[in-house]
Amino acid sequence: MQRTEWHIIANESAGAGKGKRVLKQACDYLLKQNIPFHTYLTNHAGHEREIAEELANTTLIDWSDSVDTFPLLVIIGGDGTLHGVINQLAKHPRIPIAYLPGGSGNDFARGAKIPRHTIRAIKQIESITHPTNLYLLKAHNKRTNTIHYGLNNLGLGLDAAIVKQANSSRAKNNLNKVHLGGLAYLFAAIKVLHEQPPFGMTAETKDYQHSFSKAYLCTVTNHPYFGGGVAIDPTADIMEPQLSLVVVEKISLHKILVLVCQLLTKKHLSSKYVNHVKSTDFKISTADPVYGQIDGEELDKESFTLRFSIDQRLFWQ
């Protein structure tokens with residue numbers, strides 16, 4: 001039977017220290033089970049990318065069941081840490097990645113049905129004998145000619161403003177300490193709901209084209225969740241080769257609050273204020289500079305022209 005040797009990239013600072021706790025639990029368990037492992041700790045922004053690149057050049061290999069001991073890349077951290085690694089290893093989609101959630105939002109874990117309980121997640125990894133292809137979103141920024149790969153979603157407008165507010169909030173760290181990090185996004189949403197200005201945008205697929213003069217929120221998503229467990233599209237599935245586009249135009253504050261309640265109960269897609277389309281590709285252009293985010297990582301404020309498509313990579317899932 002093939003064994004795995006774990007190569008763990010860990011962001012101990014993720015989730016206000018949750019990453020460190022997850023790493024300790026993992027190391028204790030692996031030692032007891034005599035599973036060989038190596039740890040690589042990040043110590044600055046983007047360090048996970050540097051470590052992943054070094055391991056790809058020296059240690060990791062494309063998936064093969066013909067080797068006695070397979071070097072398995074395991075990521076501990078939040079969605080941002082995992083996002084950095086998949087983008088760095090975009091040219092190596094056959095190198096499988098396992099994931100132990102250690103962030104505050106952990107939306108990818110929810111969408112991919114990875115247990116957020118560390119020992120359960122480890123046992124799930126142990127039980128797997130071969131990797132699975134999961135779908136990712138691929139976003140080509142035509143203005144800057146850069147490509148972003150997303151685990152969760154890319155958002156413009158309100159979505160991104162909430163991320164920016166949550167990431168800069170002191171409350172996020174305090175809430176993480178009591179395991180309520182997802183509430184940081186709710187508090188951020190309350191703060192920016194009224195402040196977010198509308199923006200002009202167009203959305204196109206081969207079968208659909210629509211212009212919005214007062215867009216408020218625009219999200220292209222790969223699975224249901226964003227913002228720490230909010231189901232922006234309850235019908236999305238990471239195992240299906242489709243992307244979902246959700247656009248909401250600026251409406252009155254009263255109607256926004258009603259829509260938020262519908263969102264929290266997963267009934268918002270039936271609202272006349274929500275535009276919902278599924279496709280394998282999208283083109284989105286904004287007429288105005290807006291905030292952007294992908295997997296909770298902030299994008300520079302700009303007038304975006306984005307081409308979305310689907311990509312795949314192997315996960316130990």
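Start by selecting Thr286, which lies in strand β14 (residues 282-286); helices here are DSSP runs of H or I of at least four residues and strands are runs of E of at least two, numbered from the N terminus. The model is a predicted one, in which local features need pLDDT of at least 70 and side-chain atom pairs count only at pLDDT 80 or more, while totals for chains, interfaces and linings use all residues. Residues are numbered from 1 along each chain as its sequence is written, and side-chain values use heavy atoms, with hydrogens and water left out.

At 8% relative accessibility, Thr286 counts as buried, where buried means under 20% relative accessible area, exposed over 50% and partly exposed in between, with a 1.4 Å probe and protein chains only. Show the polar atoms around the Thr286 side chain: the backbone nitrogen of Phe304 is reached at 2.8 Å, and the backbone oxygen of Asp288 lies 3.1 Å from a polar atom of that side chain.

Glu302 lies in strand β16 (residues 297-302) and Arg143 in the loop between β5 (132-141) and β6 (146-150), so the pair ties together parts that are 159 residues apart in sequence. Glu302 is buried, with a relative accessible area of 10%, whereas Arg143, at 54%, counts as exposed.

The count of salt bridges comes to three by this rule. For another of them, go to helix α1 and select Asp28 and Lys24, whose closest N and O atoms are 2.8 Å apart; both residues lie in that helix, four residues apart, about one turn. Asp28 is partly exposed at 33% relative accessibility, and Lys24 is exposed at 53%.

Continue to helix α4, where Arg110 and Asp107 lie three residues apart, about one turn of the helix, and where their side chains form a salt bridge (3.8 Å, N to O). Asp107 counts as buried, at 6% relative accessibility.

Now colour the model by domain, with domain 1 (2-130) and domain 2 (137-315), bounds that come from an automatic or database domain assignment. The centres of the two domains, taken over C-alpha atoms, are 26 Å apart, and the contact takes 25 residues from domain 1 and 28 residues from domain 2. About 2200 Å² is buried between them, of which carbon and sulfur atoms give 62%; buried area is the accessible area (1.4 Å probe) that two parts lose on being put together, summed over both.

Select His83, Asp107 and Phe108, which supply 26% of the area that domain 1 buries against domain 2, more than any other three residues. On this side of domain 1, α1 (14-32), α3 (79-88) and α4 (107-111) each supply at least two residues, and α3 gives the largest share, six residues.

Which kind of link has a count of zero between domain 1 and domain 2? Salt bridges have that count between the two domains.

How values were computed: Contact means heavy atoms within 4.5 Å. A salt bridge is a side-chain nitrogen of Lys or Arg within 4 Å of a carboxyl oxygen of Asp or Glu. A polar contact is a pair of N or O atoms within 3.5 Å; within protein, one must be able to donate a hydrogen and the other to accept it, and residues adjacent in sequence count only if both atoms are side-chain atoms.
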